[in-house]
Amino acid sequence: MGIITIAIGDALLTSMWVFSMPLLKIFTSKIVGFLGAQTLPLATLMVSTVLVSILVMIFSLIGNVFGGASFNPAASMTFHVAGLKKNDSILSMAVRFPAQAAGGVAGVKAALGLIPAEYSNTLTGPSLKVDLHTGAVAEGLFTFGRSLALLLIMFKGPKNGWVKQWLVSLATAILVLTGSRFTGAPMNPASAFGWAYVNNRHNSWELYYVYWIGALFGATLGAWVFRFMVSLPLPPPTKQKKA
């Protein structure tokens, strides 16, 4: 499929993902309450990772329809640098990243407009709780960890697809919990952009330095380390067809 089709899928998936995150918090709370497991320390973590795993598997099927669309620029960069997406290029990233950012804005606006006010505590985006440089390093490290874990689990982990996805969700949840006191650890530049846009912070250096540059550098580093660990050969250069 063409890059425009994939970019459309990117925008659609990102908007759906960002919109679903507040809903995920609401449903997690409801399910834990229904089970009477509020006092169990790991109940919320377990329920949320199962729900995220289901969402990701559904979104992956939709992404495949659009030729490999994704809701996370950091994940797109990870697979590109790892050489696992044969049709990806820097040019394609230049088209897909803005589409994903636009999807992030659409998802946040939909959440703010459709989710009842009683759940306003779920309608918050990531916020920087440390200085700028520490935040950029922290977001880079969290995204590095997530990208490396994603690649190792998906390509060197268990054979069962459901178990793989749950392990990725678990690793991501642990990183989010760890990063909550630093940057919020969205590890998703498009999601961060969406929340920054509706709060009129989309032109800030903080957004691009911490949540874009930091995250994308971490994703790139994670892919490089993965290549080194598994000794993947570099993808061959794209041959130009002669006229």
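**From a salt bridge to its helices**

Mentor: The side chains of arginine 96 and aspartate 10 join in a salt bridge, with N and O 2.5 Å apart. Arginine 96 belongs to helix H4 (residues 90-114) and aspartate 10 to helix H1 (residues 3-35), so this pair ties together parts that lie 86 residues apart in sequence. By salt bridge I mean a side-chain nitrogen of Lys or Arg within 4 Å of a carboxyl oxygen of Asp or Glu, while the helices (H or I, at least four residues) and strands (E, at least two) are DSSP runs numbered from the N terminus.

Before going further, please keep in mind that this is a predicted model, in which local features need pLDDT of at least 70 and side-chain atom pairs count only at pLDDT 80 or more, whereas totals for chains, interfaces and linings use all residues. Residues are numbered from 1 along each chain as its sequence is written, and side-chain values use heavy atoms, with hydrogens and water left out.

Both arginine 96 and aspartate 10 are buried, where buried stands for under 20% relative accessible area, exposed for over 50%, and partly exposed for what lies in between (1.4 Å probe, protein chains only). The structure holds two salt bridges, and arginine 201 forms one with glutamate 206, their closest N and O atoms being 3.8 Å apart. Here arginine 201 counts as partly exposed at 32% relative accessibility, and glutamate 206, with a relative accessible area of 25%, is partly exposed as well.

The structure holds nine aromatic pairs. In the pair of tryptophan 205 and tyrosine 209, the ring centres are 5.1 Å apart and the planes stand at 5°, so the pair is stacked. Rings of Phe, Tyr and Trp (its six-membered ring) pair if their centres lie within 6.5 Å, and planes under 30 degrees apart count as stacked, over 60 as edge-to-face and the rest as tilted.

The axes of helix H7 (residues 189-198) and H8 come within 9 Å and cross at roughly 170°. That makes H7 roughly antiparallel to H8. Among the residues making this contact are Phe193 and Ala196 of H7, and Tyr211 and Trp212 of H8. The axes are lines fitted to C-alpha atoms, for helices over the stretch in contact, and angles run from 0 to 180 degrees between N-to-C directions; angles under 35 degrees count as roughly parallel, over 145 as roughly antiparallel, 65 to 115 as roughly perpendicular and the rest as oblique. Contact itself means heavy atoms within 4.5 Å.

Eight of the 10 residues of H7 are buried, so H7 is largely enclosed by the rest of the structure; the buried ones include Pro189, Gly194 and Trp195. The cover over the buried residues of H7 includes H1, helix H3 (73-81), H4 and H8, and this list returns us to H4 and H1, the helices that hold arginine 96 and aspartate 10.
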